[in-house]
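Please walk through this structure with the sequence and the model side by side.

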Amino acid sequence: VYGGESSSDGAVVWGFDPNAAEAVGDDIVSLVQESGADGVDIELQPGDEDTGARRETYTNLLEAGETQPDLFLMDSGWVNVFIQRGHIANLSEELDESELSTVEDEYFERFTATTRDPGNGDLYGIPMFPDYPTMQYRKDYAREAGYGESDFEEWATEPMTWAEWAEVTQEIVEASDAEYGLATQWDQYEGTACCTWNEVMSSFGGAYFGGRDNVLGPVGDRPVTVDEPEFIEGLRMMRTFVADEADDHTLEDEYPLSLATSDITSWTEEDARTAILNGDAAMQRNWPYAINLNVADADDPLPVEDYGAMPIPYGVPEEEAAQPGTGGTTAALGGWHLVLNPNSERKEEALEVIRATMTDEFNLGMFDLWGWVPPKPALFDADEVQQADPMGNYMDTLRVAGENAMPRPVTPVWTNQSSLIAEEVNLAVAGDKAPDQAAADLQSGLEDIEEQG
Amino acid sequence: MSNVPEPEPAHEPAQPSTDDEDRGPLERWTRGVIEDSEKRSRLYRALFYVVTIFFLVTTLFPFYWLLVLALTPNGLIQQGNWAVSLPAVGEVPFPAPQGFNPAAFLEVFQQVPFHLYVFNSFVLATMTTLIVLVLASLAGYVFGRLEFPGRGLMMLAVLAISYFPPAAFLIPLFDAFLGNAVTLPFLGIELFTPPRLVNTPGSMIMPMSALFLPLAIFILTTFYSQIPDGLEDAARVEGTTRLGALVRVIMPLSAPGVATAAVLTFISVYNEYFFSSIMALQNEPDQWSPLVGGILSYQTQYTTDFNLMAAASIVGVLPMLILVVFAQEKIVSGLTDGALKE
Amino acid sequence: MSTEDQTSGPVRESRRSGPAVAITRWIENLGETAFAYLLLSPIIVLLSVVALYPLLRTFELSLYQNVLTDPEFVGFGNYVELLTGEANSRFPGSTTFLPSVSVDGTFPFVHFGGLLRSALAVTIIFTAVSVFFETLIGFGQALVLDQDFRGRRWVRTAIIIPWAIPIVIQGMMFFLMFHPTAGFLTDPLADWGIVQANNTLNDPASSLLIISVADIWKTSAFMALLILAGLQSIDRSLYDVAKVAGASKWQQFKLITFPLVLPTLGIAVLFRTIAAMRIYGLIDSVSNCSTVPSLSCMVVSTFNTNRGLASAVAFVTAGVIGIAVMGVIYQQYKEGF
Amino acid sequence: MARVTLDNVTKRYEDVVAVDDMNLEIEDGEFVTLVGPSGCGKSTTMETIAGLTKPTEGTIRIGDADVTTLPPKDRGVAMVFQNIALFPHMDVYDNISFGLRLRKYNEEEIDQRVDRAAEIVQLEGMLDRMPDELSGGQQQRVAIARAIVREPAVFLMDEPLANLDAKLRVHMRTELQRLHKQLDTTIIYVTHDQAEAMTMSDRIAVINNGRLQQIAPPLECYNEPANLFVAGFIGSPSMNFVEGELTANGLTTEHFDIAFDPADLEGASIGDTVTMGVRPEDIYRTDAAQSLPTASAPIDATTDVLEPMGDEIFVYLSLDDGGAGATMTSEQAASAANQLLMSVDPDAAIDEDDDVSVVLDRSKIHLFDAASGEALVHGLDELTTGPATGAESAESAGSAGSAGGQRE
Amino acid sequence: MARVTLDNVTKRYEDVVAVDDMNLEIEDGEFVTLVGPSGCGKSTTMETIAGLTKPTEGTIRIGDADVTTLPPKDRGVAMVFQNIALFPHMDVYDNISFGLRLRKYNEEEIDQRVDRAAEIVQLEGMLDRMPDELSGGQQQRVAIARAIVREPAVFLMDEPLANLDAKLRVHMRTELQRLHKQLDTTIIYVTHDQAEAMTMSDRIAVINNGRLQQIAPPLECYNEPANLFVAGFIGSPSMNFVEGELTANGLTTEHFDIAFDPADLEGASIGDTVTMGVRPEDIYRTDAAQSLPTASAPIDATTDVLEPMGDEIFVYLSLDDGGAGATMTSEQAASAANQLLMSVDPDAAIDEDDDVSVVLDRSKIHLFDAASGEALVHGLDELTTGPATGAESAESAGSAGSAGGQRE
Ligand SMILES: Nc1ncnc2c1ncn2[C@@H]1O[C@H](COP(=O)(O)OP(=O)(O)OP(=O)(O)O)[C@@H](O)[C@H]1O
Ligand SMILES: Nc1ncnc2c1ncn2[C@@H]1O[C@H](COP(=O)(O)OP(=O)(O)OP(=O)(O)O)[C@@H](O)[C@H]1O
Ligand SMILES: [Mg+2]
Ligand SMILES: [Mg+2]
């Protein structure tokens with residue numbers, strides 16, 4: 001019945017982010033075509049929203065030698081695995097020298113590095129956008145608590161401590177319609193381990209593996225530094241935010257209770273985003289796309305004037321951090337790359353698309369459309385960026401976040417470790433397990449995994 | 001008339017004699033029920049309806065819940081207030097539709113080409129069911145009606161296949177269906193190179209047949225073994241072969257069993273997604289991905305559009321509902337009417 | 001001489017020539033054993049190709065360490081690691097389920113350390129609870145459906161339809177019912193102390209309960225369908241005999257209905273037990289494998305990271321299931337299986 | 001009290017009336033046999049009594065109680081089913097003890113009763129066989145044993161001996177009769193075996209097309225059948241029927257006349273068509289009938305076919321020369337106008353195609369109204385041989401040869 | 001050629017030998033009836049012939065071909081099963097036409113044949129009923145129709161008429177016989193109805209305990225039973241047996257003697273215990289036996305119980321004064337030494353508790369070796385009434401009353 005292998009004859013198929021594809025898919029396609037790939041048919045194929053699930057689908061596809069999709073959007077967290085397996089095309093061989101040097105010269109090299117073969121430095125993907133979370137908040141609510149533009153301006157670039165932030169938030173909640181202060185993702189899943197908790201932990205001067213330098217290894221030869229006071233302190237703070245009542249494990253003297261809804265322990269990004277959009281939450285920790293969506297593309301968006309962003313608060317300044325390279329405001333470094341399917345039957349067109357995405361025009365356009373932060377430092381200060389609507393309004397905050405980005409601890413054992421981390425951290429914050437117990441259990445669990453490689 | 005003393009120590013023993021005094025209304029009622037067949041049958045009927053309604057409510061409630069979700073605009077769902085205030089009782093947590101947004105169903109169709117997925121599911125399920133029925137009937141006949149050395153062992157072997165998590169079959173099958181050479185395990189001797197079967201019905205039907213075969217075999221074995229030998233004998237004397245008797249007499253007579261095996265297999269395949277989601281590499285309809293693949297990809301792509309998810313689920317269930325309504329009438333109750341002689 | 005032969009018109013099979021007839025005749029003349037194996041041959045072929053071969057390969061895989069990156073033959077190393085608890089850290093849910101009752105070291109070789117213990121415990125508890133209630137409810141439903149009453153058709157449809165729901169939808173339903181935002185059941189049930197109020201679907205006990213209920217909701221229909229089929233193939237005249245012999249409704253059930261559907265019931269319980277012990281999809285869609293770590297969960301969650309170990313778990317799972325259903329099989333065997 | 005009473009019981013299936021307005025009163029302790037052609041409604045009647053089928057109309061009483069709506073288990077009846085219906089999942093012992101176990105008899109009592117029943121039906125030593133390991137007759141005996149162990153007030157037995165050999169059948173009959181006496185139970189019995197019906201029953205109920213034709217003691221049914229149907233049905237081989245016209249001199253048939261005074265005949269008048277019936281054993285060769293005081297006038301015939309049966313020989317007599325086909329048999333002979341079936345002693349010297357002269361025993365001649373089939377008279381010996389007005393009326397019926405005569 | 005031959009066929013179930021070394025040769029076109037007690041192996045024998053059961057030992061041939069391993073469908077046999085075995089999921093038409101449809105007859109031919117068969121079994125108009133809507137007898141008729149439409153070379157019929165009423169049975173017998181003649185088929189038939197066996201068969205095969213006892217034409221089995229078993233089995237009521245000792249004067253039993261010359265008796269000598277057998281109809285009241293040339297010496301007896309059967313009366317004679325219990329019946333009477341069963345005319349003037357004198361028909365007296373049961377002689381009229389050496393040897397056997405006499 002289905003005679004041909006593909007339904008989208010002639011089109012370059014691009015495995016894509018489902019939210020973006022649904023909201024602004026057509027615009028993105030036009031943007032690519034206008035950026036130099038005119039004449040190329042492009043079809044965006046939405047994948048799983050959950051990054052882990054999307055990785056598994058792509059793994060199967062590429063392992064099976066499928067010819068489609070021709071292009072993939074891949075999380076900077078797992079491109080490396082595909083490079084190791086030889087599943088994606090080596091762009092160093094596919095692209096011209098000049099194009100390669102563009103990547104070398106114009107892109108954030110720290111971000112680009114995640115798409116290179118660590119062995120020989122070959123390039124396997126074109127960075128699309130780095131992703132840094134911010135603390136987004138309802139200015140309208142804040143105004144009701146008596147805060148004004150000057151405060152907002154200060155908040156946009158000056159990170160607060162968690163205690164300060166909590167106080168402010170508490171005030172806002174009390175003064176406004178908000179039901180609670182903080183919305184974030186804290187389910188048992190990758191996002192908690194790689195990002196939300198990683199940020200809190202780092203801001204308290206903690207780290208999973210003894211500091212920033214050990215994030216990417218060497219597995220087995222690095223300390224596990226989980227059962228440490230700063231780690232437990234961070235957990236207790238989060239527990240306090242969620243807890244209804246004080247108990248042995250809450251820090252009710254330093255932080256308000258019930259600042260966050262206890263529901264966050266089942267939440268992922270979208271739950272948090274809708275919570276602030278609905279007006280339930282005063283603040284939300286989320287990625288830039290949430291800004292774009294909430295102020296522009298959602299069904300019932302908030303006006304830009306009412307939506308603010310600030311860097312994630314911190315527990316201890318960098319100087320006081322127990323683990324090297326941590327402390328201060330921390331944003332988990334996410335981001336996505338564009339990679340090429342080596343089996344593609346439309347390699348030429350696909351490469352054309354790749355080239356189009358390397359243009360400034362595309363980068364700026366995507367920032368405007370969907371809030372993809374340009375992967376090129378030069379563009380950060382570009383007028384177009386500053387003037388982009390609505391994202392331009394949040395550039396300052398994003399820059400601060402970018403400067404304080406913490407890469408993910410992605411190693412071959414990370415999958416096992418992350419599920420363990422997510423589980424323990426989730427339980428501790430939900431109050432199902434004492435934070436120190438969770439830390440201790442996690443310590444031994446991670447050590448086991450480290451040992452066994 | 002029976003003034004003749006009872007010749008045997010016990011005819012039918014009498015009902016335990018009842019002394020009538022000092023009985024509460026409940027006891028009287030109970031006794032009334034015990035003694036009065038009219039009352040008893042009324043009680044049975046009442047009990048029967050209570051039980052039936054209980055089953056109906058419990059099985060249907062989740063569907064009602066889906067419907068409520070689908071009809072409620074997503075914004076309202078997220079506020080999550082399902083309390084319904086009842087007079088006298090107060091607030092009762094019970095989901096009632098808040099707002100009315102049938103557009104969700106249309107929206108779902110815009111996203112997912114359900115008709116294609118449903119078509120795939122039907123093709124896969126029908127073919128698998130046919131294969132399973134044929135093979136399981138043979139096996140059921142063999143195991144249920146023949147005596148031969150190795151019978152118990154063969155049955156155990158067939159059964160043992162179902163002990164394994166489906167994942168245990170996956171890698172080698174996936175490899176083979178990709179068109180990689182099949183090699184003899186442990187020895188590494190290359191046997192043959194199969195054609196590339198991924199994204200075709202074959203890659204799903206074969207493993208699914210094997211997966212659902214044991215259940216069907218066991219069902220049919222049980223049913224076939226209960227058909228009296230006399231009927232098979234009669235058929236054979238009339239001129240059928242042993243297999244002819246199977247097809248013409250044993251299978252029709254085991255129709256409840258055959259129908260059940262068929263329905264179970266069909267539904268299982270229709271709902272299967274482990275193999276199909278992997279063999280249909282991208283859950284695309286043109287890769288023979290079944291309905292579940294479509295719904296699943298929908299679910300995973302839009303994790304907070306609860307109303308859409310619910311609507312998609314309802315849409316996914318509808319074909320099955322229709323099938324069950326009509327097929328069960330044809331298959332199952334047709335037989336019941338034959339068997340029920342009252 | 002046969003008059004049958006003399007009649008014109010009909011084509012007698014034995015008269016028709018050609019290989020088909022010869023084959024039919026050859027088959028018909030086979031001894032019982034040969035005939036049995038002949039009929040089984042297509043199944044044997046199919047199962048060898050799509051079941052036996054993969055299983056052998058998988059078994060081979062289980063003797064290697066992590067085939068994807070550096071295949072290294074380790075013999076039964078994976079199994080040893082699994083049984084001694086050394087591999088625990090590779091699995092989700094290693095420390096959470098059940099308060100840790102330490103039985104470490106009570107056996108010379110096998111340490112029932114956290115993981116295998118929780119996975120076993122989860123699997124067995126889930127299986128026992130769900131199969132028990134499914135059988136009970138399924139039997140009840142079958143008895144209802146076996147009656148003749150107005151609207152039976154609709155009741156039957158209603159009862160069967162949960163079985164027709166894909167697991168992903170079923171999981172979605174129950175997930176949403178307990179979803180902190182969209183759901184409505186958490187609070188009332190938590191008030192009754194049945195489930196945990198917060199983080200419900202990340203709480204092992206609550207999740208296990210919810211998953212069991214979800215499974216019972218769906219799979220009772222499977223039981224009902226099978227048992228109903230068994231009920232319907234009972235010769236109705238036996239009831240006449242029993243009635244006249246003085247059997248009450250209950251006695252008819254106990255002495256006629258029950259023993260006669262017992263073989264079918266046995267099959268139903270057998271297969272439900274097997275399926276329940278392989279529970280995975282529902283866990284994944286309602287809760288997650290860290291919270292409710294079943295045996296199959298262990299297979300799936302290690303699948304992409306360590307195939308050798310995953311394969312070993314698959315075989316251990318099969319072994320556990322084999323042991324668990326031995327009782328039922330023996331019962332069936334006695335019944336003449 | 002185990003009187004069984006059926007009042008206007010009717011059982012209708014969609015398009016079939018299986019039992020049609022049946023009224024039956026069976027006394028306590030009576031042994032009543034239902035007989036009738038296949039499909040006439042015997043089993044259905046039994047089923048309504050047992051409570052397995054609700055009658056479409058009418059009421060059923062057992063003892064003094066109206067049991068029409070009572071479930072079978074409360075009616076105190078035991079039944080042997082025509083289709084045997086053994087429980088396939090129980091061995092012989094369990095099948096037989098089924099009813100006792102239901103009533104929670106103690107083990108010993110059960111054992112004892114089962115042993116006794118097994119002995120009665122001669123199945124000792126087969127108690128642990130499964131039903132499918134038994135021969136047809138053995139299965140039937142298990143079914144009987146299953147009913148008799150219970151010793152209830154009413155037994156319903158639907159062709160319980162159909163699959164047993166003659167000897168065993170005789171044995172079972174005796175046993176059933178003894179049981180009947182011992183337990184003083186009411187037995188309602190269906191059989192196709194006339195000997196059985198004759199020897200065992202207190203009364204026989206003849207049913208046709210769902211309607212009761214006659215209920216009477218066996219010999220009364222045999223000797224004084226209420227109508228043509230009963231006359232033809234009871235007795236094997238069947239009664240010979242010859243149609244004729246009632247004349248002033250008696251009966252005139254195509255081939256012979258029987259002389260009597262029709263005025264003595266109630267319910268019929270001259271000119272009516274009546275059917276004469278006579279049983280094969282009531283036809284004698286004229287030469288052997290000297291001792292018969294009530295012989296009719298001799299009739300000439302030709303012997304057609306002889307059917308030796310061991311203890312008797314059936315002789316097919318042809319009344320006209322055309323003769324019947326050689327293959328004509330008792331059944332056809334009984335109704336064919338030109339044929340008579342006669343039974344003679346096995347030693348009788350008789351050959352095929354002999355010319356013989358036969359007489360009928362007038363005391364055994366039955367007359368029926370041809371239209372309604374109702375019996376008019378049984379035995380013409382009480383009637384005068386001619387019209388009452390005639391001088392010959394004084395003539396003794398005893399004078400053989402004078403009463404009526406051969407006509408060609 | 002449809003000769004059916006069984007050579008040393010044995011069928012053993014675990015602990016039961018159902019058929020024991022059976023040798024049977026049935027000619028093409030022959031009608032053979034298997035009779036024997038319940039459970040003797042008749043059905044099993046049929047099943048081996050049909051191919052439904054593989055014999056444990058021995059070979060079966062149909063025509064000239066060894067069919068021992070041939071599947072049933074290729075044996076060209078049709079069978080009526082004892083348990084009827086209608087296909088419950090097919091209506092009557094489909095049941096009857098099953099075999100024809102399998103053989104792909106064209107519709108018209110099928111219709112025609114089914115109609116004809118339905119007519120034969122009198123089931124016209126019931127073709128669209130389901131089996132469970134039929135009475136027992138109707139079901140059985142469907143089973144017969146299913147077999148006869150096929151018109152095969154060999155018919156196997158296992159009690160095909162057991163559930164039919166006497167009239168229908170007679171009809172069916174005729175039809176089967178006509179079919180037999182018309183189609184010239186071989187028919188192997190099982191029945192418990194002696195009349196059926198007698199009238200229909202070319203030969204009767206008597207089986208006991210899985211072993212063939214005698215195969216012979218019906219009257220031969222009746223008149224010259226090969227052994228005690230056959231003698232007792234064939235004939236209803238059963239033959240009277242009295243055990244006695246062979247003396248020089250003939251047979252001496254407890255209550256009477258029969259005079260003959262034992263030297264004429266092959267296979268037995270003086271002093272041996274022999275069993276005498278005489279059928280009820282071969283016992284006469286002395287006064288009614290004047291015409292009997294071969295009467296034995298009169299025996300005094302008392303009538304016990306009378307059992308009127310319609311066309312005859314069974315009289316239980318007690319030879320000693322002790323008398324038997326009133327409930328003793330034919331079966332017991334036949335084997336009890338002090339009892340004889342006699343059948344008399346229904347008109348006979350006979351009462352209970354009368355003293356009567358009876359004679360036996362010497363020409364119908366059978367002697368059997370008591371130990372082996374083998375028949376020694378059938379009819380003593382050919383033997384001299386006394387020892388050959390005695391002067392009386394010349395005495396004619398015709399002189400009634402002189403041969404033997406009463407003993408007390
Ligand atoms: N499957 C079996 N297993 C064990 N014994 C059996 C089996 N089938 C039959 N028999 C025994 O074999 C013997 C012969 O059985 P068969 O059915 O041939 O008897 P039959 O002569 O037809 O008797 P009936 O007149 O009662 O039908 C019986 O004693 C019976 O119990
Ligand atoms: N379920 C039914 N549906 C329709 N007709 C039926 C049904 N059961 C019985 N009959 C018809 O009712 C009539 C009486 O049946 P019943 O079984 O009482 O006959 P019977 O006298 O026992 O006959 P037999 O001697 O053949 O057993 C028959 O004509 C039969 O075809
Ligand atoms: Mg009947
Ligand atoms: Mg038999």
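Which residues in helix 5 of chain B meet which residues in helix 10 of chain B? From helix 5 of chain B come Ser137(B), Leu138(B), Tyr141(B) and Arg145(B). They meet Arg242(B), Leu243(B), Leu246(B), Ile250(B) and Met251(B) of helix 10 of chain B. By class, the residues of this contact divide into 6 nonpolar, 1 polar and 2 charged. As with everything that follows, this comes from a predicted model.

Two packed helices are described by the angle between their axes and the distance between the axes. For helix 5 (residues 114-145) and helix 10 (residues 242-253) of chain B, the angle is about 95° and the axes are 11 Å apart. Angles of 65 to 115 degrees count as roughly perpendicular, and helix 5 of chain B and helix 10 of chain B are therefore roughly perpendicular to each other.

Helix 6 (residues 151-161) and helix 8 (residues 201-225) of chain B pack with their axes 8 Å apart, at an angle of about 140°. Helix 6 of chain B and helix 8 of chain B are therefore oblique to each other. Helix 6 of chain B contributes Met155(B), Val158(B) and Leu159(B) to the contact, while helix 8 of chain B contributes Pro214(B), Ile217(B), Phe218(B) and Thr221(B). The residues of this contact divide into 6 nonpolar and 1 polar, with no charged residue.

The next stop is ligand 1. Between which chains does ligand 1 lie? Ligand 1 lies between chains D and E. It is surrounded by 21 residues, and the closest are Arg129(D), Ser135(D) and Gly137(D) from one chain and Ser43(E) and Thr44(E) from the other. Several oxygen atoms of the ligand can be followed to polar atoms of the protein. On chain D, a polar side-chain atom of Ser135(D) lies 2.6 Å from an oxygen atom of ligand 1. On chain E, an N or O atom in the side chain of Ser43(E) is 2.5 Å from an oxygen atom of ligand 1, and a polar backbone atom of Gly39(E) is 2.7 Å from an oxygen atom of ligand 1. The protein covers 91% of the 640 Å² of accessible area that ligand 1 has on its own. Helix 4 (136-148) of chain D and helix 1 (42-50) of chain E are the elements that give two or more residues to the shell around ligand 1. That shell divides into 5 nonpolar, 11 polar and 5 charged residues.

Ligand 2 lies between chains B, D and E. Of the 22 residues around ligand 2, those that come nearest are Ser43(D), Thr44(D), Arg129(E), Ser135(E) and Gly137(E). Chain D provides backbone contacts: a backbone N or O atom of Gly39(D) lies 2.7 Å from an oxygen atom of ligand 2, and a backbone N or O atom of Gly41(D) lies 2.9 Å from an oxygen atom of ligand 2. A side chain takes part as well, with a polar atom of Thr44(D) 2.5 Å from an oxygen atom of ligand 2. On its own, ligand 2 has 630 Å² of accessible area, and the protein covers 94% of it. Helix 1 (42-50) of chain D and helix 4 (136-148) of chain E each supply at least two residues of the shell around ligand 2. The shell residues divide into 5 nonpolar, 11 polar and 6 charged.

Most residues other than glycine have a negative phi. Lys104(E), which is not a glycine, has a positive phi of about 55°. Lys104(E) is placed in the loop between helix 2 (92-102) and helix 3 (107-120) of chain E. Glu159(E), also not a glycine, has a positive phi of about 50°. Glu159(E) lies in the loop between strand 7 (154-158) and helix 5 (166-183) of chain E.

Technical notes:
Residues are numbered from 1 along each chain as its sequence is written. Chains are lettered from A and ligands numbered from 1 in the order in which they are written. This is a predicted model: local features need pLDDT of at least 70, side-chain atom pairs count only at pLDDT 80 or more; totals for chains, interfaces and linings use all residues. Side-chain values use heavy atoms; hydrogens and water are left out. A residue is near a molecule or strand if one of its heavy atoms lies within 4 Å of it. A polar contact is a pair of N or O atoms within 3.5 Å; within protein, one must be able to donate a hydrogen and the other to accept it, and residues adjacent in sequence count only if both atoms are side-chain atoms. Accessible areas come from the Shrake-Rupley method with a 1.4 Å probe; for residues, only the protein chains shown count as cover. Helices (H or I, at least four residues) and strands (E, at least two) are DSSP runs, numbered from the N terminus. Ala, Val, Leu, Ile, Met, Phe, Trp, Tyr, Cys and Pro count as nonpolar, Asp, Glu, Lys and Arg as charged, and the others, Gly among them, as polar. Axes are lines fitted to C-alpha atoms, for helices over the stretch in contact, and angles run from 0 to 180 degrees between N-to-C directions. Angles under 35 degrees count as roughly parallel, over 145 as roughly antiparallel, 65 to 115 as roughly perpendicular and the rest as oblique. Contact means heavy atoms within 4.5 Å.
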